[in-house]
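Please examine the sequence and the model below before reading on. The paragraphs that follow lead from the whole protein to individual pairs of side chains.

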Amino acid sequence: MRVFDFDGTIYDGESLFDLYLFSARYDMKVFRHLAPVLRYAVKYKLGRATLEQMESGVGEVARKYLRDLSTSKGVDALRVSALNDAAKAGLGDDILAADASAAGADDLTGGLKSLVNAFWDRNMRKIKPWYEPRPDDVILTASFDATVGEACRRLGVRRLIASTIDPATFEVTYLNFNTNKPKRLREVLGAGAVIDEFYTDSMFDQPMIDMARKGFMVRGNAITRVK
């Protein structure tokens, strides 16, 4: 079994920050969150925040950001546009009904699903060319399942262990960061799960490297074995 970090490892950049900038295309008011987003992004990459600080800070920023999206006319227009495109394509009533049902559920996060779909339409090209998915691959990331999940679906990767958000309350229910990563992996895959290879761009994933038979550090498209 191979386990991969996502941002900076198989994705060229930070997908959550890219999504944040992408969402500003549809509603400029999200820029009010720019300062805290940058602050926690830097702290995360440099390892200068405790798990407790990240859980509290990221949770607050995510909640406010999602609340803005939930009332955004621009993001809602994106959702409606997707349904209109399906209708123009002549899709059957069953498919349209399914789309409408998904859109209704989507309202809990103000069109987040439609926004994420549009984002990955544009950004799948940032998946690094060296990564070739295998059936037993696992993506282990601090990013949210609501965002990275769509990339995994398109890649054909069925196992994603990520941070989670309650779409009804916008609360972060689990932050898959630092020591929470190996903890959550054991909970999902079992205490006896064997990691043949682990890939990351950060030495702060050392606990995961320690768990794996082989560990690899990724810098751009260069991959170096470190264990």
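What does the accessible surface of the protein come to, and what share of it belongs to carbon and sulfur atoms? The surface comes to about 11,300 Å², and 53% of it belongs to carbon and sulfur atoms; accessible areas come from the Shrake-Rupley method with a 1.4 Å probe, and for residues only the protein chains shown count as cover. This is a predicted model, in which local features need pLDDT of at least 70 and side-chain atom pairs count only at pLDDT 80 or more, while totals for chains, interfaces and linings use all residues. Residues are numbered from 1 along each chain as its sequence is written, and side-chain values use heavy atoms, with hydrogens and water left out.

Of the 227 residues in the protein, 45% are buried. Buried means under 20% relative accessible area, exposed means over 50%, and partly exposed lies in between (1.4 Å probe, protein chains only). The secondary structure consists of nine helices and seven strands; these are DSSP runs of H or I with at least four residues for helices, and of E with at least two for strands, numbered from the N terminus.

Strands of a sheet pair through backbone hydrogen bonds, either parallel or antiparallel. Here, seven strands form an open sheet in the order E4-E3-E2-E1-E5-E6-E7, with mixed pairing; two strands pair if DSSP finds at least two bridges between them. Strand E4 (171-174) and strand E7 (222-225) stand at the edges and have a single partner strand each, so one side of each is left without a neighbour in the sheet. Strand E3 (residues 159-166) pairs with E4 in the antiparallel sense over three bridges, and threonine 164 stands opposite tyrosine 174 in E4.

Side chains of opposite charge can pair when their charged atoms come close. The structure holds 13 salt bridges, each a side-chain nitrogen of Lys or Arg within 4 Å of a carboxyl oxygen of Asp or Glu. One of them joins lysine 126 and aspartate 18 (2.8 Å, N to O). Lysine 126 lies in the loop between helix H6 (112-123) and strand E2 (138-144), and aspartate 18 in helix H1 (residues 15-23), so this pair ties together parts that are 108 residues apart in sequence. Both lysine 126 and aspartate 18 are buried.

Another salt bridge joins the side chains of aspartate 205 and lysine 181 (3.2 Å, N to O). Aspartate 205 lies in the loop between E5 and H9 and lysine 181 in helix H8 (residues 180-189), so the pair ties together parts that are 24 residues apart in sequence. Aspartate 205 is buried, with a relative accessible area of 7%.
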